[in-house]
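My notes follow, entry by entry.

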Amino acid sequence: MKFLVLTVALIAAAQAVRYRVDIKINNQDYSGTGGGLYATLIGRNGAQLALGILATAFPKSSTVTINRDYGVDLGDLACLVLSAGSADAVLLDSVSVSSDGSATTVSGDNAGDIWISTDTEEGVLAKMWCA
């Protein structure tokens, strides 16, 4: 039985795909957040993968890199959606996402310096970048 459990775990680990998300936070006052950001990836085939909350701290002027393994391979990446985790608004400079299973990197700047927040008087609830 132990052998079977170990074999299943090894197969699952071998099939895992690593996704990397890089988020650069602006250097303006109050641009960082302690409220977190959620991420969803969309593949060229239309499939989606909710990465959940990426992190809860995005300090001003920082670059935060998140690496996570998932048992889902979206193939070539098409879009990244970031949504607010709280009313504590965040101002991004740029984002990028890549994976072991994709020849495409989705990246982009935050043109117009748009804030992301659950308080829609401070910014938008979510922002999307596509390749």
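**Ground rules.** I am working with a predicted model, where local features need pLDDT of at least 70 and side-chain atom pairs count only at pLDDT 80 or more, while totals for chains, interfaces and linings use all residues. Residues are numbered from 1 along each chain as its sequence is written, and side-chain values use heavy atoms, with hydrogens and water left out.

**Open sheet.** I looked up the strand order and found four strands in an open sheet, β3-β2-β5-β9, with antiparallel pairing. Strands here are DSSP runs of E with at least two residues, numbered from the N terminus, and two strands pair if DSSP finds at least two bridges between them. β3 and β9 are the edge strands with a single partner each, so one side of each has no neighbour in the sheet. On average, neighbouring strands of this sheet are turned by 20 degrees against each other, direction ignored; the axes are lines fitted to C-alpha atoms, and angles run from 0 to 180 degrees between N-to-C directions. I then checked β2 (residues 37–43), which is joined to β3 by six bridges and runs antiparallel to β3. Within that pair, Thr-40 has Ala-50 of β3 as its bridge partner.

**Around β6.** Which strands pair with β6? I found β1 (residues 17–25), antiparallel over seven bridges, β7 with four antiparallel bridges, and β8 with two, again antiparallel. Ser-94 of β6 is the bridge partner of Lys-24, and Ser-94 also stands opposite Asp-109 in β7. β6 and β7 make a hairpin, with six residues between them. As for cover, seven of the ten residues of β6 (90–99) are buried; buried means under 20% relative accessible area, exposed over 50%, and partly exposed in between, with a 1.4 Å probe and protein chains only.

**Disulfide.** I searched the whole structure and one disulfide came up, taking the term as a pair of cysteine sulfur atoms within 2.5 Å. Cys-79 and Cys-130 are the partners, S to S 2.0 Å. The link of Cys-79 and Cys-130 is right-handed, with 105 degrees about the S-S bond. Cys-79 sits in β5 (residues 77–84) and Cys-130 in β9, so the pair ties together parts that are 51 residues apart in sequence. Cys-79 is buried at 10% relative accessible area, whereas Cys-130 is partly exposed at 42%.

**Ser-117.** Is Ser-117 buried or exposed? Ser-117 is buried, at a relative accessible area of 0%, and belongs to the loop between β8 (115–116) and β9 (126–130). A polar atom of the Ser-117 side chain lies 3.2 Å from the backbone oxygen of Ala-87. Beyond the neighbours within four places in sequence, the contacts of Ser-117 (heavy atoms within 4.5 Å) include Ala-84, Asp-88, Glu-122 and Leu-125.

**Positive phi.** Most residues other than glycine have a negative phi, which is what sent me looking for exceptions. Ser-61 has phi near 65 degrees; Ser-61 lies in the loop between β3 (48–55) and β4 (63–70) and is partly exposed at 48%. Asp-113 also has a positive phi, about 45 degrees. I found Asp-113 in the loop between β7 (106–109) and β8, partly exposed at 36%.

Technical notes:
Polar contact = N/O pair within 3.5 Å; in protein donor to acceptor, adjacent residues only side chain to side chain.
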